[in-house]
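Reader: I'm new to this one and would like a walk through it. Could you show me the structure and then take my questions?

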Amino acid sequence: MNSDPDPFEQGERAARQNIPAETNPYQDGSEQHALWAAGHEKVAGAREANESEGT
């Protein structure tokens with residue numbers, strides 16, 4: 001079993017906690033940085049879409 005943290009899940013968690021995307025802890029340009037950003041965008045983007053619909 002892999003005990004390394006999943007950057008995508010870390011990004012999702014950060015977005016749920018309202019942690020800004022600029023705090024991505026991984027080196028810019030790395031695969032982990034991209035995965036973290038994708039996870040953050042998934043949650044943050046869904047939240048923004050719901051807010052714009054008034055829900």
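Reader: Let's start with Asn18: is it buried or exposed?
Author: Keep in mind that this is a predicted model. A residue counts as exposed when its relative accessible area is over 50%. Asn18 has 59%, so it is exposed.

Reader: Is Glu12 buried or exposed?
Author: Glu12 lies in helix 1, and it touches Gly39, His40, Lys42 and Val43, leaving aside residues up to four places away in sequence. The cut-off for buried is under 20% relative accessible area. Glu12 has 10% relative accessibility, so it counts as buried.

Reader: What covers the buried residues of helix 1?
Author: Pro7, Gln10, Gly11, Glu12, Ala14 and Ala15 are buried in helix 1. Among the residues that helix 1 brings to its contact with the partner helix are Pro7, Gln10 and Ala14, meeting residues such as Leu35, Trp36 and Val43. By class, that contact has nine nonpolar, five polar and four charged residues. The cover includes helix 2.

Reader: At roughly what angle do the axes of helix 1 and helix 2 cross?
Author: Two packed helices are described by the angle and the distance between their axes. Here the crossing is right-handed. The axes come within 7 Å, and they cross at roughly 35°.

Reader: What about Ala21: which residues does it touch, beyond those up to four places away in sequence?
Author: Ala21 is found in the loop between helix 1 and helix 2. At 39% relative accessibility, it counts as partly exposed, because that class runs between 20% and 50%. With those sequence neighbours not counted, Ala21 touches Trp36 and His40.

Reader: How far apart in space are Ala21 and Glu41?
Author: Along the sequence, Ala21 and Glu41 are 20 residues apart. In space, C-alpha to C-alpha, Ala21 and Glu41 are separated by 8.1 Å.

Notes:
Residues are numbered from 1 along each chain as its sequence is written. This is a predicted model: local features need pLDDT of at least 70, side-chain atom pairs count only at pLDDT 80 or more; totals for chains, interfaces and linings use all residues. Side-chain values use heavy atoms; hydrogens and water are left out. Helices (H or I, at least four residues) and strands (E, at least two) are DSSP runs, numbered from the N terminus. Buried means under 20% relative accessible area, exposed over 50%, partly exposed in between (1.4 Å probe, protein chains only). Contact means heavy atoms within 4.5 Å. Axes are lines fitted to C-alpha atoms, for helices over the stretch in contact, and angles run from 0 to 180 degrees between N-to-C directions. A crossing is left-handed if the near helix is turned anticlockwise from the far one by less than a right angle, and right-handed if clockwise. Ala, Val, Leu, Ile, Met, Phe, Trp, Tyr, Cys and Pro count as nonpolar, Asp, Glu, Lys and Arg as charged, and the others, Gly among them, as polar.
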